[in-house]
Number of protein chains: 2
Amino acid sequence: MSNLTEEKRTRLKSILGEEKVFFRDEDKMDSATFLSYGLDRTKTYSPDFDILAFPRNTKEVSEILKFAYETDMKVVPSGGRTGYAGGAVAKEREIVVSLSKMDQVLDFDPFFASIKVQAGMITKNLHKEVEERGFYFPVDFSATGSSHIGGNIATNAGGVRVVHYGLIRQWVLGLTVVTGTGEILEFNGEILKNNTGYDLKQLFIGSEGTLGIITECTLKLTKKPLDHRVLFTAVPDYPSILELFKETHNVRVPLLAFEFLTRYCLDKVIDHLHVPDPFSESSPYYVLMEFEIGETSDEEKLFGFLETILEKGYVTDGSLAQNSRQAETFWKYREGISESISLDYTVHKNDISLPLRNMNPFLEDLMALLGKEYPDFEVALFGHIGDGNLHLNMIKPSNLADKDFFAKCKEVDPHMFALLQKHHGSISAEHGIGLLKKEFLHFSRSSAEIEIMRKIKQSLDPKNILNPGKILP
Amino acid sequence: MSNLTEEKRTRLKSILGEEKVFFRDEDKMDSATFLSYGLDRTKTYSPDFDILAFPRNTKEVSEILKFAYETDMKVVPSGGRTGYAGGAVAKEREIVVSLSKMDQVLDFDPFFASIKVQAGMITKNLHKEVEERGFYFPVDFSATGSSHIGGNIATNAGGVRVVHYGLIRQWVLGLTVVTGTGEILEFNGEILKNNTGYDLKQLFIGSEGTLGIITECTLKLTKKPLDHRVLFTAVPDYPSILELFKETHNVRVPLLAFEFLTRYCLDKVIDHLHVPDPFSESSPYYVLMEFEIGETSDEEKLFGFLETILEKGYVTDGSLAQNSRQAETFWKYREGISESISLDYTVHKNDISLPLRNMNPFLEDLMALLGKEYPDFEVALFGHIGDGNLHLNMIKPSNLADKDFFAKCKEVDPHMFALLQKHHGSISAEHGIGLLKKEFLHFSRSSAEIEIMRKIKQSLDPKNILNPGKILP
């Protein structure tokens, strides 16, 4: 523990209080728990750090960062650690600052419909707090039981209903952040309109902890949909997916989700979860749609919509869930994919985005590339296709060792990213860049943009102590 | 024309072509028309510039900026010039770059529902282009017949339906900008999700031309509301406005607008437009609401809502427009205010924003201040109160000379801004900072924030040639 002198230890304890700071070589916390605060869901990195702090408020975060700034120590903000890009990994003896004790509601405005909370609040708890107050916070995805709202903002989280509600960026009214010098910045607070120069808070949304630690946030709220209906359809070819999505613009019932999976994915779910095939005939693609409904006439509109898309041939089969249980069952075919594939196979994941209309040409190029170089690779495709967001999972052929498979994936990735660039896509739709994709950032951002990002980083974190090594190559 | 040598003249002509560049001392354009390109709706500044360029595309804008960068000349981007903050004023011999010849549709995606246009397209023409394609672009306000879409983005425009559709920021998918070095940056283009580092395009939205010239934009589109209904109500006191807005969250019919005016404003409209008083009894406040409706049952919901708010005493009177003509008439009482006051009186305007629940304490403080110092000032209050946005117009007492009135307003403004700061408001909700409010920026942004803004400006416009003197004090 070369960088941890007795003096630093004592100072940190005096800044925060004994109970809020943990050292690796003490007995206060077991080693596995301690180290887990410096690791996310990318299991490829080994955490290595000596100091773990649990501040209770913005001022304490600021004190830690001032200390780090003065003593030239690095800092990694630690949220719910549900990321897939290594953005929360501490492996360079950084101070890990966990926000998990900062989970209080600070304010609630029932008139304007907003809530202010500390950034360490678990997303599902936020949902609960909001619903108890008669409102709804619509950003939702599978990791909400662990993820922090601050982490969601730091990674500009999306989820399953982006097609209707947008990304979390759209719901952030105000932010409090602490920069790399320990300075506290408060943006906007409770107002919606503030055209007074550059909207700096937008920089922190999606910055993966590299510009500042988000400590508090004010979120806009909405009302929970009264009810919803799920429509599960079989789609004969890719152009029909485009036409189908286009047709949803005319339904006049809000579209909450537009999710896609291939036959390959459906087979895997049927095998793994031992559920029946929901369709009598096989089809290359399936689309699951969720609609908000308010009254009986909305349901009639959905039956009309189904009739239209069947008549026009955009779908060859489709059924509208008759009750919420059936709706849940339909969702299982989409939500079960990741688990079904990951548990039964070795998988290399990619979370990419493309203009909807460029998706087919991209996939044709990709399949040609794989067919030529890796004919035994299989690909599981699914995702939030209404947002142009595709989860592209490559499956290890059974005759290949894990090591060889991942080595080959590493070879394929840059070629795939080049194809994404060609078709105007992004190498990371939702997961971010973190450590995992920083060497490929240039496929999505120009060198001029990367240079500007560096300068912004330099302005807010002049000593490069905040989550160093993440995002920027 | 000290800074305009023969050599520069020749070079500019050769860069753009003779027909795209005008010099003040030539006969090609009359002087008044020429100078109008360097002035917005703030009539307090006198334009003074020698060169006016009309580029046709991004590359030409880049060429002009490279030229300006090399020759140390300043540049003012010129859009529809409908601003109220002096953001488009050229009075320091800058090159004025008018975007008005850049008004073409570049791309349209009917599947994802987006359109790409050049930034000089007039907003109303954009609306038309979009509606011809079966879609709807919801950012709308009174100046759309002149304003450019690029200018709307550069000032993060709002308008009357922000309460439902948000500010223009929410509708910008992609941007092409040219920075102060002539570098062309293309952000995001056609994709919704791109979590690959800092979202730089957000910096340009609302930057008032100080970081780059927006040359192209890709906008998300939606569907036009099938129909709408207008509800005009009399509200007895300020707390009832809060309760009324809160109650709208429960209507389950989309609220498109929530506008407010005082009795004083209503009187002025009645006088000026010679229209009847829409209410039988006088009330201190009025709220006009617009709702989207899709079918008969929605109308029933609105009648139920009106019954509820009458019963609860949030409104003392209210009527629901029975047809679109009556709806238009109701809107006149709101939209006619600015004209009615400005034509009959000398007015000092302010466009401010506050948390809804802080508005009454702020107004009480303000009235106390005015009552003490300027007891003969009258105040016309109206605005998009659902967004916390208030238009606060001070009216010149008849016994005061214009000059003395404006001098007194100049005295009042900082006190009012200090009250805004106290109540967590903003000195500019929609109009921006420009030249007009830059000395007051510190009431809404901390010195740390202003310092960061300067660094960002420095990164994107190292020679400070882009709209210099705007925003930053």
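Modeller: Helices (H or I, at least four residues) and strands (E, at least two) are DSSP runs, numbered from the N terminus. On that basis, chain A has 15 helices and 16 strands. This is a predicted model, in which local features need pLDDT of at least 70, side-chain atom pairs count only at pLDDT 80 or more, and totals for chains, interfaces and linings use all residues. Residues are numbered from 1 along each chain as its sequence is written, chains are lettered from A and ligands numbered from 1 in the order in which they are written, and side-chain values use heavy atoms, with hydrogens and water left out.

Biologist: What is the radius of gyration of chain A, and how does that agree with a compact globule?

Modeller: Chain A has 23 Å, which agrees with the value near 23 Å for a compact globule of 473 residues. The radius is taken over C-alpha atoms, and the globule rule is 2.2 Å times the number of residues to the power 0.38. Along its principal axes, the C-alpha trace spans about 75 × 60 × 45 Å.

Biologist: How many of the residues in chain A are buried?

Modeller: Buried residues make up 62% of the 473. Buried means under 20% relative accessible area, exposed over 50%, and partly exposed in between (1.4 Å probe, protein chains only).

Biologist: Which residues does the UniProt domain annotation cover?

Modeller: The unreviewed UniProt entry places "domain: FAD-binding PCMH-type" at residues 44–224 of chain A. UniProt positions are given in the numbering used here, feature names are shortened, and annotations may be inferred rather than shown by experiment. The span is 21% helix and 23% strand, and its end C-alpha atoms lie 39 Å apart.

Biologist: Now helix 8 of chain A: is it mostly covered or uncovered?

Modeller: Helix 8 (residues 238–248) is mostly covered, with eight of its 11 residues buried. Among these are A:Ile241, A:Leu244 and A:Phe245. The cover includes strand 11 (255–262) and helix 10 (296–311).

Biologist: Where does A:Phe260 lie, and what is in contact with it?

Modeller: A:Phe260 lies in strand 11 and counts as buried at 0% relative accessibility. Leaving aside neighbours within four places in sequence, its contacts (heavy atoms within 4.5 Å) include A:Ile241, A:Tyr285 and A:Arg334.

Biologist: And A:Gln118, buried or exposed?

Modeller: A:Gln118 is buried, with a relative accessible area of 5%. It lies in strand 6 (residues 114–118), and A:Arg56, A:Asp103 and A:Glu216 are among its contacts beyond four places in sequence.
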